[in-house]
Structure formats: structure tokens, C-alpha cells
Amino acid sequence: MRRKLYYILFKDLLGGLLITLKTLFKKPVTVQYPRESVKIYPSFRGRHALVRDPETGLSKCVACLKCVQVCPSRCIKVTYEEDVNGARKLLNYELEALRCIYCGYCEEVCPVGAIVLTEWFEYSDTNRESFLFDRERLLLNWDEFVKKYTNNVYTNKFWDLRGVPEVNKPALKRLGIQVNLQVLKDRG
Ligand code: SF4
Ligand code: SF4
């Protein structure tokens, strides 16, 4: 019995050591953050932003409310006013990021690519207020993101409508939404 027990323990010990030995020479899957930078994949969904229209410097949002309707967390609130022709003007866009589940539906459904979950992930804080984004804060989120973004053209894969036939997509989506960041960067 004792010999059997020794045998089992020794076998397990050797098995464990073998695993250690094997992983010792493998490339680590973790990084020493924040000393090492993290590779961000194109499908990463991070901090929300309202895209600043390079031409006007304002938000591209047309207050259609599609994002409000589709959001499963009910964390978006859009207020707007209408002119005599019924054209809408965005007054405020509020987003409670702590309730967001980062599904990306809001950016997928937006017909003009106005809202985006940027690849920015470093935004921890110790109070709730920091995660209540209003229109200005969302535009600033975009500016901060763009400053660190090295390419001159930005697009997001979730601006496309997955599984929807081309013919049924809004015109801009059929063309593929892109933002020319060079204009913004030139303005400083
Ligand atoms: S990512 Fe999803 S949960 Fe978050 S705001 Fe957009 S639609 Fe709502
Ligand atoms: S779907 Fe886009 S354009 Fe419509 S309200 Fe939301 S952000 Fe604005």
C-alpha cells in the first residue's frame, strides 16, 4: 500500500515538473503591464467616443435614436431639438459606461458612424461620475484616442452591419465608413 502511494505521488510529482519544464521555454502569454505595451486587436471594444466630424469639428450624430433603441443596457440617452423642417439637432448625448456591456450594437446600428467603442482601454477610476459621459466628454474621448492613433484614416469593423445584405444597409455603410484623421491632426 505504502509503495503504491509513493509511486502515485512520485508519478504526479514528475508530471508536474515536466509541465514546468515544458512551459519554462515557452513565450509568456502575459505582459508586464504597464511597463510593456499591450497589443490591441482591431475588434477590441473600449472606451466610448463620439466621432468628431473632421469638417465641422462637431459630432456626426444626427439624433436618429437608433442606438438608444438597440442598447440592451438602456444606458444611452439622446436629447435633440427639431427645426421647422423636422431636421434634428443633437443637444446632448449621455452614456453611462458602467452599465454598458460592450456589445457594440450602438456602433453597428448607427447609420453615420457617429458613436464608436474605441480601442482605448486605460480608463479606470475611483468614482462613478468619471463614467457618466456626456456629449462633450465623448468628443474629448475621441480627441484623446485620435492623438495616440498613428494611422491617418480610422474605421471600425463594428461600423458595418453584420449579416445584413448590402442592399439593405444605409448608403454610408455600403460605402464603408471611414474618418480622415489628418484634417483633425493638422488643426492640432
Ligand atoms: S455597447 Fe451595447 S450596452 Fe454599451 S452602450 Fe452600446 S449598445 Fe449599449
Ligand atoms: S445611432 Fe448614431 S446618429 Fe443615431 S442617435 Fe445614435 S449615435 Fe446618433
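Helices (H or I, at least four residues) and strands (E, at least two) are DSSP runs, numbered from the N terminus. By that naming, R74 sits in the loop between α2 and β2 (76–82).

## Basis of the model

This is a predicted model: local features need pLDDT of at least 70, side-chain atom pairs count only at pLDDT 80 or more, and totals for chains, interfaces and linings use all residues. Residues are numbered from 1 along each chain as its sequence is written, chains are lettered from A and ligands numbered from 1 in the order in which they are written, and side-chain values use heavy atoms, with hydrogens and water left out.

## Backbone features

R74 is not a glycine, yet it has a positive phi of about 50°. R74 is exposed, at 54% relative accessibility.

A63 lies in the loop between β1 and α2 (66–70). At 1% relative accessibility, A63 is buried.

The peptide bond from Y33 to P34 is cis, with omega near 5°. P34 belongs to the loop between α1 and β1. P28 is found in the loop between α1 (2–24) and β1 (48–50). P28 is exposed, with a relative accessible area of 58%. From P28 to K173 the separation is 145 residues in sequence and 40 Å in space, C-alpha to C-alpha.

## Ligand surroundings

A residue counts as near a ligand if one of its heavy atoms lies within 4 Å of it. Ligand 1 is surrounded by 13 residues, with C71, C100, C103, G104 and C106 the closest. By class, this shell has 11 nonpolar, two polar and no charged residues. C106 is buried, with a relative accessible area of 9%.

Ligand 2 has 13 residues around it. Of these, C61, C64, L65, C67 and C110 come nearest. The shell around ligand 2 holds 12 nonpolar residues, no polar ones and one charged.

How many disulfides does a search of the whole structure find? The search finds zero. A disulfide here is a pair of cysteine sulfur atoms within 2.5 Å. C75 has its closest cysteine sulfur in C71, 3.7 Å away, which is too far for a bond. C75 is buried, with a relative accessible area of 8%.

## Salt bridges

A salt bridge is a side-chain nitrogen of Lys or Arg within 4 Å of a carboxyl oxygen of Asp or Glu. The count by this rule is 11. One of them joins E108 and R162 (2.3 Å, N to O). E108 lies in helix α3 (residues 105–109) and R162 in the loop between β6 (153–154) and α5 (171–175), so the pair ties together parts that are 54 residues apart in sequence. E108 is buried, with a relative accessible area of 10%.

E136 and R135 also meet in a salt bridge (3.3 Å, N to O). E136 is partly exposed at 42%, and R135 is partly exposed at 25%. R137 pairs with E144 (3.3 Å, N to O). R137 has a relative accessible area of 29%, and E144 has 30%. R47, R137 and E144 are linked in a network of salt bridges.

## Pockets

Pockets are found on a 1 Å grid over the protein atoms alone: a pocket is an open set of points with protein on both sides within 12 Å along at least five of seven lines, and lining residues have an atom within 4 Å of a point. Grid points are joined across faces, edges and corners, and a volume is the space filled by probe spheres set on the points.

The largest pocket has a volume of about 360 Å³. Its lining has 13 residues, with I40, E119, F145, K148 and Y149 nearest the centre. Seven lining residues are nonpolar, three polar and three charged.

The second largest pocket holds about 230 Å³. Its lining includes C61, R135 and E136. β3 (88–96) and α4 (135–148) each supply at least two residues of this lining. By class, the lining has four nonpolar, three polar and five charged residues.

Technical notes:
Nonpolar A, V, L, I, M, F, W, Y, C, P; charged D, E, K, R; others polar. Buried < 20%, exposed > 50% of the residue type's maximum accessible area, 1.4 Å probe, protein only. 1 Å grid on protein atoms, 1.4 Å probe; cavity = no way out; pocket = protein on both sides within 12 Å on 5 of 7 lines; lining within 4 Å.
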